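Hello,

Here is the structure I promised to pass on to you. Please have a look at it, and then read on for what I found.

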Amino acid sequence: MDNEVIHNYIVLWDHATVKVLDVRYFIMDDGEKLPTYRLPTSAFLFAMNGSANITLDGNVQIVKPFHVMHGGKGMHIEITANNHFEYYIIFYKARLPLYSSKKLMQLLEYNSPFQIHYGFTPKYPLTLFENVNLMYTEWQKGGVLERLHVKSIFYRFVYELQHQVYEQNNKIEKSDLSSQVMGYVQQKYNQPITLESLSQDLNYSAQYLSRTFKHQTGQSPIAYLIKVRMEKAQKLLLYTNATVQEIAEHVGYSDQFYFNRTFKKYTSVTPGNFKKHTLEKQKVLDSPYHRYGFSIVNKNSNHYSLIDGDNHYQYGGEEDLLMFKGRKASLLATLLLCFTLLFSGCSNEGSTNTGAVIQGQSETTNIETYTYKGANGEVEIPKNPQRIIVVANNHVGYLLALGITPVGMSD
């Protein structure tokens, strides 16, 4: 961007009619992602704290405090916070008056400052911050006079911004190396990419590109490429009926076996199991029964994932715990214990039915029973149970269908 272009931008800003539509302030936690959406109007984004990867129409920038970005109406924006990220965003609409000269209209057609995408870190950011913060404070008051004040502050903000761009003389920065790599990978992830081809296309040496990218992002360029491909593959598995071979080819793997191995290394499960387990988990979450709450259960307790290897963080380096350890061996004992408690409750109500004798109580209780033979042995079941406890939650539906409400559950 040379001085002539900057001069044309200033001319167009000088003649434009501007209306501020909204001023917002957002805070994003570490790793939080704002899904892609279209900018409803032109907008300025002013970063306050933390850092984030911001993609604007396919161009990725690593944004840090006091970074300024601009995008035009209709551009796609996506934000992923690297750490605690705070930013302001100002939505506005600008146009030239209907009576504008032909020369101005031609400038607007070829050099519209309201639609271009750029980003840079100003040399003197505090003046810009004061204007942005004051705009947000006044906008929150909501009064007509305050909105007029916001408009006047916006003009000061644009003036200061253009002044610093002009003074820095084409200091609107070219995207740094990491941003270039990310943008390149996002656009061409389904094509054959090697470190050598990547460095050649971006005009860097392979060693310098790899070292710099890893220093700035904490991972190698190829690791980032695999991450992008695997995230794309996961979405295709869940939201399409495409075969694994079709998905592998779409994300850049001609060899399905190699794709399966890479996918399992990245997610700890095969593509088929990933789809199966994730969809089953979604069905459980969507189930009306699942949404029924129990007051005796801590809502903030950790849950187990259906995907292997997804909960190692809970153990702090200790040996893995098995969710169903000893289930078959203890099922019969659990049933007998539950029925012992059941019969105890029935005896308290004064039951005098005759039948089989149940051992293990302080007093002998006569209850008429059935003998049930299962894979784990035999168990005596009362003919007319008064209090039923469910130890296998998937059976509760059968009881409810028969009009029987259990008094307790294992979950």
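**Two helices in contact**

I226, K227, M230, E231, A233, Q234 and L237 in helix α8 meet F259, T262, F263, Y266 and T267 in helix α10; contact here means heavy atoms within 4.5 Å. By class, this contact of α8 with α10 has 7 nonpolar, 3 polar and 2 charged residues. In that count Ala, Val, Leu, Ile, Met, Phe, Trp, Tyr, Cys and Pro are nonpolar, Asp, Glu, Lys and Arg are charged, and the others, Gly among them, are polar. The axes of α8 (residues 221–239) and α10 (residues 256–267) come within 11 Å and cross at roughly 95°. That makes α8 roughly perpendicular to α10, given that 65 to 115 degrees counts as roughly perpendicular, under 35 as roughly parallel, over 145 as roughly antiparallel and the rest as oblique. Axes are lines fitted to C-alpha atoms, for helices over the stretch in contact, and angles run from 0 to 180 degrees between N-to-C directions.

Before I go on, please note that this is a predicted model: local features need pLDDT of at least 70, side-chain atom pairs count only at pLDDT 80 or more, and totals for chains, interfaces and linings use all residues. Residues are numbered from 1 along each chain as its sequence is written, and side-chain values use heavy atoms, with hydrogens and water left out.

**The whole protein**

The secondary structure comes to 13 helices and 15 strands. Helices (H or I, at least four residues) and strands (E, at least two) are DSSP runs, numbered from the N terminus. Of the 411 residues, 34% are buried; buried means under 20% relative accessible area, exposed over 50%, and partly exposed in between (1.4 Å probe, protein chains only). Among contacts with a separation of 6 or more, residues 24 or more positions apart account for 67%.

β4 (residues 52–56) and β5 pair over 5 bridges, and the bridge partner of A52 is V63 in β5. The loop between β4 and β5 holds D57, which has a positive phi of about 55° although it is not a glycine. At 41% relative accessibility, D57 counts as partly exposed.

**A helix with one buried face**

In α6 (residues 195–202), L198, S199 and L202 are buried. Seen down the axis, these buried residues fall within an arc of 95°, so they line one face of the helix; the arc is that of the directions from the helix axis to the C-beta atoms. On the other side of α6, E196 and Q200 are exposed. What covers the buried residues includes α5 (177–188), α7 (206–217) and α8. N203 follows α6 and has a positive phi, near 65°.

Q162 is found in α4 (residues 144–168) and is buried, with a relative accessible area of 9%. Leaving aside neighbours within four places in sequence, Q162 is in contact with Y9, I10, W13 and Y118.

P97 is found in the loop between β8 (85–95) and α2 (102–111), and is buried at 14% relative accessible area. Not counting residues up to four places away in sequence, P97 touches H15 and T17. The C-alpha atoms of P97 and H15 are separated by 7.8 Å, although the two are 82 residues apart along the chain.

Best wishes

Key
Two strands pair if DSSP finds at least two bridges between them.
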